[in-house]
Amino acid sequence: EAKEEHGKEEAAGEHAEEEAKPISMDAKAMAAAGIRVAKLEKSLLNEELRTPGEVIDNAYGTTLITPRVDSLVVRRHAKLGDELKAGAPLVTLSSVEVAQTQGALLIAEQEWKRMQSLGRDAVSGRRYSEAQVAVEQARAAARAYGLPGSAVGRANGEFTLTAPHAGRVTEDNFVVGERIEPGRTLFRLVDESIVWVDAKLPAENAQRVAVGSKADIIHGDVRLTGKVVQRSHRTAEGTRNSLVRIEVVNKDDSLHGGDYVDAYLDAGASKDTQLAVPTAAVLQLEGDTIVFRQNADNTLDPVSVRTGSVIGNRTVITEGLKVGDVVVIEGAYALKAQILKAQMGEGHGH
């Protein structure tokens, strides 16, 4: 192109180059070329911020499965990666303390049933109350160990931990026969129907993102919509970034903890109305920044413009166009290519 332009200058001598001529196209030809036009109006522009993010487990849907008493692992019912329903058995344990609690509960329930069958008139009020208190205490002790609140089966010390909610097993940290201390994590159960995405932004940008605003999450070919649920009030000293947390409904189990994604956040609308066009409609032609405008005779003419800020996918126009102008918003590259092709033809003609 540089050589052709130089050749044109030599051929034209001291004369200036001719401006690109308007392009004449009817509606059918424009539609075939994918060219769309729209009338310019001033509007409030919403800015979209793009930032990387990391998928983490929803802490409100995560449970650590732990025993509450010294136990021995007897049987495993679930394994890493299993998708479980609420109430599904996870692991069967055995404990001497649990055996004692089961025995005490069994005796207390039998005595309480006997007192109830006799009735208050046949026994003293003290004995009746003692039996009632004893069974309540035995049931409370059983629940403290994670057992049912009533005697079930034999007092052999075996008990089964079950899933408190539906979810996937993402941690599995024991073997059958191992002795387990209270509080030791056996399983990590995560409800992945809703996940969190932690996005980090410069502090000044993070403050522009409102809690409750919409966010789009992109992971490969998957696009999901989320909602900003938290904005950190602290700024990292090293990076000067702040964290924005996004809650995402995990459709089709698309996201998993540790995945890296792109987050698009709504930074709010501009304060004043502005004249803007899609950024794809702004092109460079012969050193000028141009937008194609449709004239009264329906010809399409490249107009030099001065641009301002890029907000989201739109570019502010500060000079060269006015409200009411009809401009090309899609297919501008096809028009530019047509002009360049015509200029090349003129160059060969010289």
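A polar contact here is a pair of N or O atoms within 3.5 Å, where one must be able to donate a hydrogen and the other to accept it. In this predicted model, the side chain of Arg-245 makes such a contact with the side chain of Asp-198, at 2.8 Å. Arg-245 sits in strand 16, which covers residues 241-249. Its relative accessibility comes out at 16%, so Arg-245 counts as buried, the cut-off being under 20%. As for what packs around it, leaving aside residues up to four places away in sequence, Arg-245 touches Ile-56, Trp-196, Val-197 and Asp-198, along with Lys-227, Val-228, Val-229 and Gln-230.

Now for the strand pairing. Strands of a sheet pair through backbone hydrogen bonds, either parallel or antiparallel. Strand 6 (residues 71-76) pairs with strand 11 (residues 179-180) in the antiparallel sense, over two bridges, and here Ser-71 stands opposite Ile-180. Strand 6 also runs antiparallel to strand 8 (residues 89-94), with four bridges joining them; in this pairing, Arg-75 faces Thr-92.

Elsewhere, an open sheet is built from four strands in the order 5-12-10-7, with antiparallel pairing. Strand 5 (62-65) and strand 7 (83-84) are its edges, each pairing on one side only. Within this sheet, strand 10 (residues 167-172) and strand 12 (residues 187-190) run antiparallel and share four bridges. Arg-168 has Val-190 in strand 12 as its bridge partner.

Technical notes:
Residues are numbered from 1 along each chain as its sequence is written. This is a predicted model: local features need pLDDT of at least 70, side-chain atom pairs count only at pLDDT 80 or more; totals for chains, interfaces and linings use all residues. Side-chain values use heavy atoms; hydrogens and water are left out. Buried means under 20% relative accessible area, exposed over 50%, partly exposed in between (1.4 Å probe, protein chains only). Contact means heavy atoms within 4.5 Å. Two strands pair if DSSP finds at least two bridges between them.
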